[in-house]
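Please read it with the structure open.

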Amino acid sequence: ANRLLSDPRARAASVSFYDEWLSLKAISAADKDTELYKEFTPALRAAMRDETRAFIDDVLWKGDGRLETLLLAPYSIVPPALATFYNAKIPAKGGAIRVDFDPLQRAGILTQPSFLSIQSGSQQSSPTFRGKFIRERLLCETLPPAPAAVSQDVPGPNNATTTRQRYAQHQNDPNCSGCHQLMDPIGFGFEHFDAIGKYRA
């Protein structure tokens, strides 16, 4: 194992693994409402992906290499293109730099905008997508597909109801509740982040 990890190709292989595990390539095709998320440009998408790759590289090859750090570290390696997104002071010229976050707001790869954008809808966050990812990719569980007769449309965002209220139908409908009680409660834990991963109160 040590011999393999000392090979320069190991670094590229680790990037490929995390790209696949986190579905990072999907960020380039993530569908967002351009009226609601005007800043979600191709350049921002690329910066989000680059941030996650740089953070993983930092943890694995410069840091302690622990899964705990990947999931809980309250910092990231942020490129200049994300300075406004994070409201961080990053020199416009130069590469990505380490930015320390409030640990009550962000911790590790699951609070990075790349993951949160991919696991969201076009107009709003998605507790179902985010919870499903945790169940399948972290807990290695297999969830059954949605029944064919069940509508998968979710009411759009509005000022009268919260995401939790709009998703309540999943818990009330016996055709949905079996699976959604496994996904949605986990996904609600990410509701501090909107559809492109911006923190919100």
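1. A salt bridge here is a side-chain nitrogen of Lys or Arg within 4 Å of a carboxyl oxygen of Asp or Glu. By that rule, 11 salt bridges are counted. The model is predicted. Side chains of opposite charge can pair when their charged atoms come close.

2. Start with Arg53 and Asp19. Their closest N and O atoms are 2.5 Å apart, and the two form a salt bridge. The pair links distant parts of the chain, 34 residues apart. Arg53 sits in helix α3 (residues 42–62), and Asp19 in helix α2 (residues 9–21).

3. Next, Lys132 and Glu136. Their side chains meet in a salt bridge, at 2.9 Å from N to O. Both residues are in helix α7 (residues 127–138). They are 4 residues apart, so about one helical turn separates them. Lys132 is partly exposed, at 33% relative accessibility. Glu136 is also partly exposed, at 26%.

4. Glu191 is buried, since its relative accessible area is 18% and the limit is under 20%. Arg200 is partly exposed, at 29% relative accessibility.

5. Now back to α7, which packs with helix α10 (residues 174–188). How far apart are the axes of α7 and α10, and at what angle do the helices pack? The axes are 7 Å apart, and the angle is about 105 degrees. Angles of 65 to 115 degrees count as roughly perpendicular, so α7 and α10 are roughly perpendicular to each other.

6. Which residues make this contact? From α7 come Pro127, Thr128, Arg130, Gly131, Lys132, Ile134 and Arg135. From α10 come His180, Leu182, Met183, Asp184, Ile186, Gly187 and Phe188. By class, the contact residues divide into 6 nonpolar, 4 polar and 4 charged.

Technical notes: Residues numbered from 1 in each chain as written. Predicted model: local features only at pLDDT ≥ 70, side-chain atom pairs only at ≥ 80, totals over all residues. Heavy atoms only, no water. Helix = DSSP H or I, 4+ residues; strand = E, 2+ residues; numbered from the N terminus. Buried < 20%, exposed > 50% of the residue type's maximum accessible area, 1.4 Å probe, protein only. Axes fitted to C-alpha atoms, helices over the stretch in contact; angles between N-to-C directions. Parallel < 35°, antiparallel > 145°, perpendicular 65-115°, else oblique. Contact = heavy atoms within 4.5 Å. Nonpolar A, V, L, I, M, F, W, Y, C, P; charged D, E, K, R; others polar.
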